Amino acid sequence: MNRTWSPFWAQALTPTAPISKGIDVDDRHARSQNRVTSSTKRNETFLGEPIDHIRSTTISFRNMNEYGGLLVNYLEVRKLIFLDQLGWHVSETDGMEFDQYDTPFCRWIVVHQFGEVIGGVRMVPTTAKCGPFSYMLRDAQKGLLDDIPTDILFFEAPVEHSVWEATRFFIANAVPAQQRQRVQSLLFRSMCQTAMDNGAAHVLGIVPALWARWARRLGVNATPIGAKFSIDGTASQCVLFKVDDFIS
């Protein structure tokens, strides 16, 4: 756990999945600073074809007024999934699930169809800081979160403009089986594009311990960066991936 963050150390875990190559992080961060982005238009098609009127929208505090009640709907679906269905110990009020990481630092990627939220993920830069909290994995490592072990990562949690954290990744149960992989791909692509738009080269986060199955289906190369553990009975693991592997 005393190891220092290094994308090249992470690369050594999976030689077939390179983590960093030729990225000018400082230049990308300078161009993206103070920029608020939305991936709605970019993601109205997937691989050049419409997906049954499914759209992906990236919401921030700066642009949330442009999307009516979409953010509220997203938080309501999070409550339905993570509290009602999975039984996680999370905060809720007025039918919405939220926690200390839903701040102006966030970008919420919401996949929706005719206004109905069918998928989503929350992204936070690892440089975020709000009171005693920063981002989930770092705070867990510091012992600030009771439900997540402190040895969650093999190395010290990074604080880098080039690294963002993804949490609360979900696909709604209402999505038909024949559409789930396409919705997962759209959500994952939107997440990676949003990370790149905001200067990130890598994304880390907690995924189900069976992540390798859906990662292969999506063509995602991810490196395990922590031991397997359990959250409210769900076997999980931390992984790291290079975002432009999926965008190129």
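**Close-up views of a predicted model**

**View 1. Cysteine 130, partly exposed.** Cysteine 130 has a relative accessibility of 40%, so it counts as partly exposed, given that the class runs between the 20% limit for buried and the 50% limit for exposed. This is a predicted model, so keep that in mind for every view here. Now for the disulfides: a search through the whole structure turns up zero of them. Cysteine 130 is in no disulfide, and its nearest cysteine sulfur belongs to cysteine 106, 9.8 Å away. For a disulfide the two sulfur atoms would have to be within 2.5 Å.

**View 2. Cysteine 238, buried.** Cysteine 238 comes out at a relative accessible area of 0%, so it is buried.

**View 3. The largest pocket.** There's about 1100 Å³ of space in this one. Helix 3, helix 5 and helix 6 each give two or more residues to its lining, and so do strands 6, 7 and 10. The lining runs to 48 residues, with Phe82, Trp88, Arg168, Phe169 and Ile206 lying nearest the centre. Sorted by class, that's 31 nonpolar, 10 polar and seven charged residues.

**View 4. Helix 3 and what it packs against.** Helix 3 covers residues 70–85. Its 16 residues should span 22 Å at 1.5 Å a residue, and the end C-alpha atoms sit 21 Å apart, so the two agree. Which residues of helix 3 are buried? They are Leu70, Leu71, Tyr74, Leu75, Val77, Arg78, Lys79, Ile81 and Phe82. These buried residues pack against strands 1, 2, 3, 4, 5 and 6. Just after the helix, glycine 87 takes a positive phi of about 70 degrees.

**View 5. Helix 5, largely enclosed.** Helix 5 spans residues 177–197. Of its 21 residues, 15 are buried, so the rest of the structure largely encloses it. How far apart are the end C-alpha atoms of helix 5? They're 31 Å apart, which agrees with the 30 Å that 21 residues should span at 1.5 Å a residue.

**View 6. Stepping back to the whole protein.** Buried residues account for 53% of the 248 residues. Take the contacts between residues at least 6 apart in sequence: 69% of them join residues at least 24 apart.

Methods. Residues numbered from 1 in each chain as written. Predicted model: local features only at pLDDT ≥ 70, side-chain atom pairs only at ≥ 80, totals over all residues. Heavy atoms only, no water. 1 Å grid on protein atoms, 1.4 Å probe; cavity = no way out; pocket = protein on both sides within 12 Å on 5 of 7 lines; lining within 4 Å. Points joined across faces, edges and corners; volume = space filled by probe spheres on them. Helix = DSSP H or I, 4+ residues; strand = E, 2+ residues; numbered from the N terminus. Nonpolar A, V, L, I, M, F, W, Y, C, P; charged D, E, K, R; others polar. Buried < 20%, exposed > 50% of the residue type's maximum accessible area, 1.4 Å probe, protein only. Expected span 1.5 Å × (residues − 1). Contact = heavy atoms within 4.5 Å.
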